[in-house]
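Dear colleague,

I am passing on the structure we spoke about, with the sequence and the coordinates together.

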Amino acid sequence: MTSPSITASGAKARASSSLGFPLILLICVVSSAVLYFGLSQLDSSYAFLAAYTVLQFVALATAWNILGGYAGYVNFGVAAFFATGVYTSVIIYKTVQWPLLVTIPVAAAAAGLLGLGMGYLTLRLRGVFFSIATLALAVVLNTIVVNWSFVGGSRGVYVMRPQEIILFSSYERYLFVVMLVLAIGSVLIARTIENSWLGRGLAALKDDEMAAECAGVPSLRMKLIATTISGALLGAAGAPFPFFVTYVDPPTAFSLSIAVNAIAMPLIGGTATWLGPVIGALLLGTFQQIATVTISSALNLLIVGVVLVIFITVAPNGIIGFVKDLREKRR
Amino acid sequence: MTKLTRRQTLALAGSAVATLATPALAQTSPIKIGFGMALTGGLAGGGKAALLAYQIWAEEVNARGGLLGRKVELVNYDDQSNPATVPAIYTKLLDIDKVDLVVSGYATVPTAAAMPVVMQKGKVFLSLFALAANDQFRYDRYFQMQPNGPEAKFEFSRGYFNLAQNLNPKPKTVALVGADAEFGVLALEGARENAKKAGIKIVYDRSYPPNTMDFGSIVRAIKATKPDLLFIGSYPPDSAGMIRAIHEVGLDATMVGGGMIGLQFAALKQQLGPLLNNVVCYDLYTPEPTMNFPGVVEFLKKYQERAEKAGVDPLGLYIPPFAYAEMQILEAAVNGVKSLDDKKLADYIRANSFSTVVGDIKFGDRGEWAKPRILLIQYRGIVGNDVEQFKQAGKQVIIDPPQFKSGDLVVPFESVKR
Amino acid sequence: MTFSLDLFSNAIVSGILLGGFYCAIAVGITIVFGMLDIVNIAHPAFIMTGGFIAYFANTQFGIDPLAACAIAMIPAYYLGRLLYRFYNVAFEKRGEESLQGLAFFFGLLFIIEVALLLIFGVDYRFVEAPYIGPTIEIGFISIPWRLLIPLIVGLGLVLVIIAFLSRTFIGKAILAVSQDPLALRLVGGSPVKVKEVAFGLSIATAILAGALLIIIQPIEPSFGRDFIGRVFCITVLGGMTSLPGTIVASMILGVSESLTSTFLGPSWSPAIAFGLLLITLAVRPVGIFGR
């Protein structure tokens, strides 16, 4: 059961990597430029802000999927890592006032370290314990932030946007571009991992951890690397958030909706490849944005719930898996 | 160029119907007032009640012939109590829906999240129950409806300590306890300083996390310090938990209460019933004769008739009158300057005093009320759990400030012995 | 904070009272998550449903909240069985249960929450009963009935389930499935049928726990989310499959929360409880009663 699936994914990986990294990068740059100027045509920052939210979910879903999808370790504590990024950003804002572009790597490092420590404590355990531990981690961090008045404590903290930003006509556009870069960066990292020894090793772990270990896969080390990278990317996606909302309090930074979406989106898209979380995030994220301004009532959340349940039931391997099944049947 | 979306077509059809009904409103497009409002999530209780108040105002103003001869239309989206949705909602309102005026959603978080967008467009911005949201932004077209005054944190305990220090014998010690969230922390900060000023010693000073369930241990720890006064800064579920635990543990003190959010709502009033007797609490409006402002009785009657169907607080004494007053101010300003120009409106609102269902309002520094008007009330003679009794005068007696006073403070507070 | 015997013993008593309620909310999770490996993250939403059933019956017909939910446990049990049957067909049979099952329950959590919101509105709801209010005084220890009833019912519920699992045939089968589903199939039992019963049981306990919750304090629909962490924490602490472990873990959580809130200040109590969980996972991942 294990070996054919590995060779299959290996073959596919070679096929897609034959495109070449520079080409992929070029495609990304061109499509982002098109997206940016396309949105500019609409003559409204609404498009940029709505797109920011969707792209944030692309980044989060992709980051979560590195551990959750590739290795099969479900991280419930997305909010803990996201909030680490958010509050690192707040701390820098309140002390040294570095620009956002310097803040992001610091936030990523902080969240990555958190991931490493967390993984070291719990990754020896069965997957399900790891999940519960991540849930606990979010609560512990939340309590610490609530009791830490320097970052606003439970009262929350205001973060003022800089008055002007070079090269951009408005701060919204700047935030959008930052998040676009983060999202594309996350996807590229995920794609690279998927096609590397790490990705194949993680896939082997997911299929059968015991067998993989017997075959000499360094399981703990691989899981630690995955947790660190995943955590760092989640943190990086959180760093611009204080500037997006300008007021952060613990319930916002540790919001359940972040965790729910970051987990639901890869599942809807498909967890096996980098494309799944992207599709899931684009679909569900866009749908939520539209629903917010059209249906705009409690029904909105109800529909998200129903769509999720239907999707999961009808296409358990996500949209990617569903399309693949259809193709195979046709053959 | 004139391609109509389905929405616009519908709107046109709607106004065509309106044309037949009220010819006065025929020629022009409606004035759109946009806002995001929490209709789901933690803030939905306040958000839905505020929305109902806005709707009542909009219907009334349209029945009177509209604003500047144009019909008024509310355009609102659910922010899900999640500030991350707010920036996009307000840019949508301003850029795509092209609303003429914006107001804030309910409470601090959504208001703060909307500020950068609103400031960038230079819109006049009335906000509903946002605590000190403009302290950092310093936006001069911002006006806030909760009567906190420029130094909000002192107001929730000012009346409490004023009355306490004039008691005979003067209380010597106070215990402070509050929820670990925005309001609780703020109320406690103010109480700390007011206690110091009044020369009352603080013997207990702690906060508890949101969603605490066991208040017995907290109240027991407080009781062990034998305070003369107990000041509480709490949110709805914990306000109920604290009051219950105080009676269960049997804590007696000269004064109990202070800054408890939730006691203003029908659900908690009704549930706690007689346990509330002699509890003091801040409030914004109670149906006492000293608060009988023109129009408030009629508004509340209308609100209460529709509350059940809308699934909101059946009494509506706390947020709805202020939400309605907010719209009255907007209406007065638009009529005053005869235009929708934001600068003119802001200048007008800053310069004038407004007569509303919650009394005369004049704005001051940072768009807060020029003079704070937080009331301190005391529950008296509550019998059983009937919600109707809270519509009567004399049950929620105003004991401070002197201007609105409808009765004297009664001490001490005694827990119900069983 | 000065230490005194009075405060200390009252804190212990409060903790135990609270622990009794935690038992009731965690027992369902121990059954489905600990024993059957189904990550029903929507469990707290079923608890809220129970709370609102109690509210509805109490305000409309004046029925005692516990009695109302005791009756509602029967349809809830069958509903739970139905839900499991669906879950089984949609996920377990395809071997997709771990991730997809989780997402399914996530979605369910949202659906139930919003449904409650649409039906009952966003206001805080509460019930009336003769035991809400009075307090028993024993020396310097005071015990409010409002918390004593949940302790009695919670413990009683777990004890009944322990007896059910060890005495009845189907109960023994549930334990067997939790240890070795293959073995059960070999002796001719159907694990699906057994799991169906267990899942129904779990939902029924959630409904009763809802009645206990609304007796303790007023509730609103999104309130249940706060419990997701606590219930799973208790089950893991207790050693996943062990019901006595669940009782002990509930008590530990309740007492540690109440001691912290009395002596260290209440704002640290959640961190203490979950810190305890993190340490347990790092040091003794099988939990207190795990094997």
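The notes below cover numbering, domains, backbone geometry and a chain contact.

This is a predicted model, in which local features need pLDDT of at least 70 and side-chain atom pairs count only at pLDDT 80 or more, while totals for chains, interfaces and linings use all residues. Residues are numbered from 1 along each chain as its sequence is written, and chains are lettered from A and ligands numbered from 1 in the order in which they are written.

Chain B is divided into domain 1 (6-123 + 294-357) and domain 2 (152-289 + 375-404), with bounds that come from an automatic or database domain assignment. The centres of these two domains of chain B, taken over C-alpha atoms, are separated by 33 Å. Eight residues of domain 1 of chain B are in contact with ten residues of domain 2 of chain B, where contact means that the C-beta atoms of two residues, placed from the backbone, lie within 7 Å. On the domain 1 side, the residues that touch domain 2 of chain B comprise six nonpolar, one polar and one charged; here Ala, Val, Leu, Ile, Met, Phe, Trp, Tyr, Cys and Pro count as nonpolar, Asp, Glu, Lys and Arg as charged, and the others, Gly among them, as polar.

Turning to the backbone, most residues other than glycine have a negative phi, and most peptide bonds are trans. A cis peptide bond, with omega about -5 degrees, joins Asp400(B) to Pro401(B), and the bond from Val411(B) to Pro412(B) is cis with omega near -5 degrees. Pro401(B) lies in the segment after β14 (396-400) of chain B; helices (H or I, at least four residues) and strands (E, at least two) are DSSP runs, numbered from the N terminus.

Leu68(B), in the loop between α2 (44-63) and β2 (72-78) of chain B, has a positive phi near 50 degrees. Gln80(B), in the loop between β2 and α3 (86-96) of chain B, has a positive phi of about 55 degrees. Leu68(B) counts as partly exposed because it has 14 C-beta neighbours inside 10 Å, whereas Gln80(B), with 28 such neighbours, counts as buried; a residue is buried with 20 or more other C-beta atoms within 10 Å of its own, exposed with 12 or fewer, and partly exposed in between, with C-beta atoms placed from the backbone.

Finally, the contact between chains takes 37 residues from chain B and 34 residues from chain C. On the chain B side, α9(B) gives the most, with seven residues.

Best wishes
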